[in-house]
Amino acid sequence: MPLKFNFKPKNELEHGGRSVAPVQQDASEPEKVCPNCRKSVPISKLWANWNTCACGHHFRMTARQRVRFITDKDSFEEFYGDLTAVDPLSFPGYQKKLETTRLVSKEPEAVICGKATIGKIPCCLFVMESYFMMGSMGTVVGEKITRLFEYALEHRLPVVGYTVSGGARMQEGLLSLMQMAKTSGAVKRHSDAGLFYLVILTDPTTGGVTASFAMEGDIVLAEPGATVGFAGARVIEQTTRKSLPKGFQQAEFLVDHGFVDAIVPRQKQKSAVTRLLKLHCGGELKS
Amino acid sequence: MTAYDRVKIARSSKRLTSLDYIHNLFKSFFELHGDRRFADDAAIIGGIGQLDTLPVTVIAIEKGHSAKERVYRSFGAPNPEGYRKALRLMKQAEKFRRPVLCLVDTSGAFCGVGAEERGQGQAIAENLMEMMTLNVPVISILIGEGGSGGALALSVADRVWMLENAVYSVISPEGCASILWKDANKAETVATHLKLTAQDALELGVIERIISEKSMGQPEFYMQLREMLLTEFAALARDEEMLEKRYARFRAFGAATATTIERTSL
């Protein structure tokens, strides 16, 4: 009995090869899955949209990316870029942590400071870096921000600041804690001179930074959905043993409770910051 | 004695609390309540005390001794309204040219839903800003625990003193150990590294004076403390550069530790 083969092609190749080549994914075009709508979006599309998803979710950005987004082209001049943290208390593991975090973030510290124009208006700018130890505030972050406010006071410039921080940097102990007072003092002097400070809270802004310069702006804006609070939500849940209300510590929650002036999506930030800066330069009542 | 031994002493319910100091330091004390915005916070006691003949505005975090008291005082963990009451009374002190004495004893600002809803961070931030330019002498004494931002919110002062066994830290040793090493049992070692004792704080320049606990609670203890306060308040009142110096006092932290590196080494 002759053998009978059931020669039904199992796949495209056995069928005689592909007639149409599959759509080639560009190797340099990875995708990101949006944690909100679960769709995967090509990076270039995210970038075309200020690193936000069509559903409104705001992805994190590096500080340098933010500087590029908010300032006028080629207007940014960085200050104190050579300042870097040391390990003042010889805290175990800190030196090594600093080295690795510098490699990961490609930044010497958790904040970038400088001078720029936004909508052609000169201002001082600080942007915190979440990829550097979650933007925690140690002595150098405190020092850079304080110097920036002192510079702005001397040159009578407004300050625009983007915050993102896990709080004070515990590896620098009491010296980190003192930065809260130090930065607040500098903000106060700047403020008492009648100068404008605009702060934009981004995800997450917590702890010692919330309890100092993040909440000291004349006007406080926030990105949609940003977590903003003093104590960590998990810590509160564990301490009180109660489930937290919906949307707890989100930017919208802070607006509802009167601690944030407005929520501004990233796409509108440059125009909002420009408008507010304009409203604060010139035109005040003359006596 | 290890750093952690001092943490345990500082937390002991038998330790003198702010009310003990208030009753013994002042000839009289008139307590004032409320932040005029939302509520009165029992964790912070405010009022006017008479230090010999000098009226002094007193702001004190109270932990309480007995279990019942401690619950009533929410274990010395202030809510935002406590910090706002403190600021109200400090502004009042400025108006009437009274010096301000803060007694600090807290494991930290209260951690809860309500505290967040009413802006714990904002309340602390405002105190830090306003205390920096408060135009009357301010002395803060850390008598037990000095827990992070919740303690700093009453410690932006011209002079900060600490009791010998008080501690002052950016985070509790337990919290630090569980975050960094996922092991709260390492708190003892961490306490040493955090440099939280009075001696450490003195060496870091965070405080000006350590107050001996040798005769703690005895009449001479309070008498000496009263003398110290009167002398210091008088000296500060004479100092025309008081506010400049207060700013410089805090401005100095970390100004020298920041070093520069070559950006190419990144």
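Modeller: Here is a short walk through the two chains, and keep in mind that this is a predicted model.

Colleague: Start with chain B. How many helices and strands are there in chain B?

Modeller: Chain B has 12 helices and nine strands.

Colleague: What radius of gyration does chain B have, and what would a compact globule have?

Modeller: Chain B comes out at 18 Å. A compact globule of 266 residues would be near 18 Å, so the two agree. Along its principal axes, the C-alpha trace spans about 60 × 45 × 45 Å.

Colleague: What share of chain B is buried?

Modeller: Of its 266 residues, 56% count as buried. The accessible surface of chain B is about 10,900 Å², and 53% of that belongs to carbon and sulfur atoms.

Colleague: And the charges? How many positive and negative side chains does chain B have?

Modeller: There are 33 positive and 34 negative ones in chain B. The centres of the two sets lie 2 Å apart.

Colleague: Let's zoom in on helix 4 of chain B. What span should its 16 residues give?

Modeller: Helix 4 of chain B covers residues 80–95. At 1.5 Å a residue, it should span 22 Å. Its end C-alpha atoms are 23 Å apart, which agrees.

Colleague: Is helix 4 of chain B largely enclosed or largely open?

Modeller: Largely enclosed by the rest of the structure, because 12 of its 16 residues are buried. Among them are P80(B), Y83(B), L87(B), M90(B) and A93(B). Charged side chains are on that list too, including E81(B), R84(B), K85(B) and R88(B).

Colleague: What comes just after helix 4 of chain B?

Modeller: R97(B) sits there, with a positive phi of about 55°.

Colleague: Switching to chain A. What is in it?

Modeller: Chain A has nine helices and 10 strands. Of its 287 residues, 51% count as buried. Chain A exposes about 14,200 Å², and carbon and sulfur atoms supply 54% of that.

Colleague: One last residue. Where is T62(A)?

Modeller: T62(A) is in the loop between helix 1 (43–48) and helix 2 (63–70) of chain A. Its relative accessibility is 23%, so T62(A) counts as partly exposed; buried would need under 20%.

Colleague: What does T62(A) touch?

Modeller: Leaving out residues up to four places away in sequence, T62(A) touches E129(A) and Y131(A).

Key. Residues are numbered from 1 along each chain as its sequence is written. Chains are lettered from A and ligands numbered from 1 in the order in which they are written. This is a predicted model: local features need pLDDT of at least 70, side-chain atom pairs count only at pLDDT 80 or more; totals for chains, interfaces and linings use all residues. Side-chain values use heavy atoms; hydrogens and water are left out. Helices (H or I, at least four residues) and strands (E, at least two) are DSSP runs, numbered from the N terminus. The radius of gyration is taken over C-alpha atoms; the globule rule is 2.2 Å times the number of residues to the power 0.38. Buried means under 20% relative accessible area, exposed over 50%, partly exposed in between (1.4 Å probe, protein chains only). Accessible areas come from the Shrake-Rupley method with a 1.4 Å probe; for residues, only the protein chains shown count as cover. The place of a charge is taken as NZ of Lys, CZ of Arg, CG of Asp or CD of Glu. The expected span of a helix is 1.5 Å times one less than its number of residues. Contact means heavy atoms within 4.5 Å.
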